[in-house]
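Keep the sequence and the 3D view open, and try each task before reading on.

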Amino acid sequence: TIDIDLLVDRDALPTVKERCRSRGFTIEADPMRLAGGDVVIERLSTVIDTEVVSVDLLVVTDATRGAWNTKLAVPWRGLELWVVSRDGLVALKQLRRSGQDLDDIAWLEQNDGD
């Protein structure tokens, strides 16, 4: 898929959504609740050329807080970029457990440390 996934604290959600809208992500879907409501996604999309590009805002819930708490700061283009840890990513994917998520988990486990 062509999307951007951001893990967002609930208190910051209105600000993040407004910043996305100001950058052209104005097509807003209804919130999605997956894994029995443990995963909450708010999606904003735009069309670039002929492709739909989405920003999925994964709201931090009790079930996803572990991924939030283990995020890592990495240098990127002279800035500090916060990313989910490998363990946090696996935990997020285990909540949803789609076919793609299971394939991703298998790849991450086979390539541990790469």
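**Exercise 1. Describe how helices α3 and α4 pack, giving the angle and the distance between their axes.**

Solution. Start with the geometry: the axes of α3 and α4 lie 9 Å apart and the helices pack at an angle of about 150°. Axes here are lines fitted to C-alpha atoms, for helices over the stretch in contact, with angles running from 0 to 180 degrees between N-to-C directions. This angle makes α3 roughly antiparallel to α4, a label for angles over 145 degrees, where under 35 is roughly parallel, 65 to 115 roughly perpendicular and the rest oblique.

Next comes the handedness: α3 and α4 cross in a left-handed way, meaning that the near helix is turned anticlockwise from the far one by less than a right angle, whereas clockwise would be right-handed.

Now list the residues. On the α3 side the contact (heavy atoms within 4.5 Å) is made by R86, L89, V90, K93, Q94 and R96, and on the α4 side by D101, D104, I105 and L108. Sorted by class, the contact of α3 with α4 has five charged, four nonpolar and one polar residues. The classes are: Ala, Val, Leu, Ile, Met, Phe, Trp, Tyr, Cys and Pro nonpolar; Asp, Glu, Lys and Arg charged; the others, Gly among them, polar.

Two remarks on the source: this is a predicted model, in which local features need pLDDT of at least 70 and side-chain atom pairs count only at pLDDT 80 or more, while totals for chains, interfaces and linings use all residues. Residues are numbered from 1 along each chain as its sequence is written, and side-chain values use heavy atoms, with hydrogens and water left out.

**Exercise 2. Which residues of α3 are buried, and what covers them?**

Solution. Helix α3 spans residues 86-96, and G88, V90, L92 and K93 are buried in it. Buried stands for under 20% relative accessible area, exposed for over 50%, and partly exposed for values in between (1.4 Å probe, protein chains only). Helices (H or I, at least four residues) and strands (E, at least two) are DSSP runs numbered from the N terminus. The cover over the buried residues of α3 includes α2 (65-69) and α4 (99-110).

**Exercise 3. Find residues with a positive phi and say where they sit.**

Solution. Recall the background: most residues other than glycine have a negative phi. D49 is exposed, at a relative accessible area of 74%. Another is R77, with phi near 50°, in the loop between β6 (72-76) and β7 (79-83). R77 counts as exposed at 72% relative accessibility. R97, which follows α3, also has a positive phi, near 60°.

**Exercise 4. What surrounds E42 and V59?**

Solution. Begin with E42, which lies in strand β4 and counts as buried at 11% relative accessibility. Beyond four places in sequence, E42 touches L13, K17, E28, P31, V55, D56, L57 and V59. The side chains of E42 and K17 are joined by a polar contact of 2.7 Å.

Move on to V59 in strand β5, buried with a relative accessible area of 1%. Not counting residues up to four places away in sequence, V59 touches V8, R10, L13, V40, E42 and T64.

**Exercise 5. Where does V60 lie, and which residues does V60 contact?**

Solution. V60 belongs to the loop between β5 and α2 and is buried, with a relative accessible area of 5%. Leaving aside neighbours within four places in sequence, V60 is in contact with L7, V8, D9, R65 and W68.

Notes
Polar contact = N/O pair within 3.5 Å; in protein donor to acceptor, adjacent residues only side chain to side chain.
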